[in-house]
Amino acid sequence: MKSWWGPEGGDPQAKQGIHAAQDENQSSNDEKENSKSSRNPAEFYRVKPVLDRRIHVLGMGNVGKFIAHSLRSIVPNPPPVTIIFHEPQMLSDWEASRQRLNLVTDGDTEFREGFEAELARLRSRSNLKEGQQTNTGNAFPEASGEQAQVQESEVQEGESSEPINSLILCTKATQIYQALSSVKHRLHPESVILFLQNGMGVVEAVNKEVFPDPATRPHYMVGINSHGMHGVLNDPFTTVHAGFGTISLGILPHERDREPAPYASQLKFKAQREAAPVKPAHAANPDPMAAEPAPVTFHWTPNHRYLLRTLLRAPVLGATAYSPPDLLQMQLEKLAVNCIINPLTVMLDARNGSILYNYNITRVMRLLLSEISLVIRSLPELQYIPNVQQRFDPGRLETMVVGIANRTQDNISSMLADVRAGKQTEVDFINGWVVKRGEELGVRCLMNYMLACLVKGKRMMVELELEEGIPFVQPRANEGSLVVGEDVKRVNLDERKE
Ligand SMILES: CC(C)(CO)[C@@H](O)C(=O)[O-]
């Protein structure tokens, strides 16, 4: 498996991002404005020391294991790392094992140890909603007697109620609510959460569903991972680092610190109102009479700084820090690539290279990209950024998609792997996000809508096939994480034998 963002395909504009050292300068500049006493990073830490160095990693898929392993590889003085499992069985397997995470690179296995492990059981979405009513944003909310009892009785063996200051969230976008519900009561307004999901709209969904009150909401960071990893069959604590990539990181300015934007998308497109002509998609343009936006000030908390600096110290991650507008544009570029490669490989049931050198597929790609490009170029949040029109031109996006499909031609896309395993896909956070934002901006994205529906339909079909034990995919050797379909088939057959 190759990383999708190799140096040879690196995009020159994307590389405008600020390197760690520059970021340090940038952030100290911001702090000069924010606080006269914080003149340099050392002073920042003297004024606002980090009391807890522990980093929690939630989501023990390949990305989670890779991140946790990399953090423990930092020399000198690696941070204390807690890995969080969702299933009691996984925690028992870990406790029965040598309690090591292994990373295989070019056939060499390196192990890391010294992890703490905890259980945090997934809660249903209805529990999450209940939690919202009681959450005060404090890691130890003062619950009423009855609530306290419920919370106390819910703490099982292996679970913890200690506050979490730095959390790296590595679950799939589709698992985000349940994952956060399992630790929500341990997060507080000064905690920082790093989101490492594919697609867009995850943070907005979390704000709506999990942390609706900005006053008690934790701080956020976002990361874009381009490393390629896969698992090893019957070895839950080993990950193969199959393609070297990077992790692009940035902080998201918190609503508590944000200036109100001088623009707003007002036009709402409703699919039912067919008769009404679709207005030109310029609702996103700022009001010409409105004042220029105030410069954004990034408020760095000690936990932000600590988590960012720690990740930058892990060489294998290839982490780089970017300003929020640069990171947003990189996320949108990745989104455009995912909107094409992921669903098309699902529909073709083939590796990434299958979309290349095929004129009919190219036509489909262009139709999809025309919608995606228009939505992105109409986004109000990009209106004051120079060169957005050129950067997200459909032709340029096509060049990117083709380049990445070519470089990863032997990979099975994450969405195809999910569909083959009968798992829920991230399509709602990929093509679904384009459709949703398009609706808000008056851009009708019928092709992306249709493709998202087809992916969901195909997934449903596979789930039914798996339930009936029909074999349909043969994995290649060593593709441990991709053979779930095979396992399920085997389990079903075994059950029948019994
Ligand atoms: C770019 C990509 C499609 C390459 O496999 C990857 O982001 C994925 O699999 O989701």
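Q: Buried means under 20% relative accessible area, exposed over 50% and partly exposed in between (1.4 Å probe, protein chains only); how many of the eleven residues of helix H9 are buried?
A: This is a predicted model, in which local features need pLDDT of at least 70 and side-chain atom pairs pLDDT 80 or more, while totals for chains, interfaces and linings use all residues. Residues are numbered from 1 along each chain as its sequence is written, and side-chain values use heavy atoms, without hydrogens and water. Helices are DSSP runs (H or I, at least four residues) numbered from the N terminus, and H9 spans residues 302-312. Its buried residues include Asn 303, His 304 and Arg 305, and the buried total is nine.

Q: Which residues of H15 make the contact with H16?
A: Let's start with the geometry: H15 (residues 431-441) and H16 (residues 446-467) pack with their axes 9 Å apart. Contact means heavy atoms within 4.5 Å. On the H16 side, the contact is made by Asn 448, Tyr 449, Leu 451 and Ala 452. On the H15 side, the residues are Asn 431, Val 434 and Val 435.

Definitions and conventions: Axes fitted to C-alpha atoms, helices over the stretch in contact; angles between N-to-C directions. Helix = DSSP H or I, 4+ residues; strand = E, 2+ residues; numbered from the N terminus.
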